[in-house]
Amino acid sequence: MSIIKCPECGRDISNKATICPACGYPIAKEKIEINTEPSPSGMNVCPTCGKFFLGKETCPSCKSKMINCHCTEDEWTTMLLNDTLKSWERQIREKYVLKSNHFNKDLYNAQLEYEQSEDDCYKEMMKNNLKSSKLTIYCPYCNSLNTSKISTTSKVVNVAVFGIFGTKRHKQWHCNECGSDF
């Protein structure tokens with residue numbers, strides 16, 4: 001239990017109180033009433049855990065009734081491409097989730113941690129892909145990854161020695177395991 005100030009008279013009251021004992025002002029959390037029916041084709045948010053789902057009426061995780069975010073799939077995609085999605089999600093969560101009577105702080109924080117770990121994982125994956133964007137070639141005959149590119153010099157020597165009967169002029173790779181050229 002913690003102490004909060006009554007918005008009407010300014011007196012200290014319990015955060016669990018539904019009305020101010022001094023002036024009778026209602027203290028209950030703000031209820032969400034305006035256009036909150038889940039959208040069958042738009043983006044919805046769970047008022048309990050803060051997860052976003054497209055077209056779901058109930059949250060698959062915590063089974064709460066979803067709230068309409070008033071956002072179409074196209075608008076959501078545009079925000080994703082313009083890098084404004086995180087800001088929009090924060091605003092929607094402040095408006096519909098944090099003020100909800102169904103809000104669960106533990107589930108909400110777990111969702112935020114999960115999203116952060118996904119972002120970190122994606123950033124790490126992209127960093128690693130940029131480092132190791134080397135093409136991997138395998139032998140079509142023995143499936144070995146121990147391959148090397150046939151150099152232009154090797155092709156020229158092969159044609160010089162064997163003439164038009166040289167086998168390397170139309171090949172690009174050599175398998176160091178089975179010795180085949182492909």
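In the predicted model, three strands form an open antiparallel sheet in the order 4-3-5, with strands taken as DSSP runs (E, at least two residues) numbered from the N terminus and pairing if DSSP finds at least two bridges between them. Strand 4 (52-54) and strand 5 (67-68) are the edge strands, each pairing on one side only. Strand 3 (residues 43-45) runs antiparallel to strand 5 and is joined to strand 5 by two bridges; Asn44 has Asn68 of strand 5 as its bridge partner.

Residues are numbered from 1 along each chain as its sequence is written. Local features need pLDDT of at least 70 and side-chain atom pairs count only at pLDDT 80 or more, while totals for chains, interfaces and linings use all residues; side-chain values use heavy atoms, with hydrogens and water left out.

Two aromatic pairs are found (ring centres of Phe, Tyr or the six-membered ring of Trp within 6.5 Å; planes under 30 degrees apart stacked, over 60 edge-to-face, the rest tilted). Phe52 and Trp88 form a tilted pair, with 5.5 Å centre to centre and 40° between the planes. This pair links strand 4, which holds Phe52, to helix 2 (residues 85-97), which holds Trp88, across 36 residues. Phe52 counts as buried because its relative accessibility is 14% (buried is under 20% relative accessible area, exposed over 50%, partly exposed in between; 1.4 Å probe, protein chains only). Trp88, at 13%, is likewise buried. Phe103 and Tyr108 form an edge-to-face pair, with 5.3 Å centre to centre and 65° between the planes. Phe103 is partly exposed at 23% relative accessibility, whereas Tyr108 is buried at 11%.

Conventions
Helices (H or I, at least four residues) and strands (E, at least two) are DSSP runs, numbered from the N terminus.
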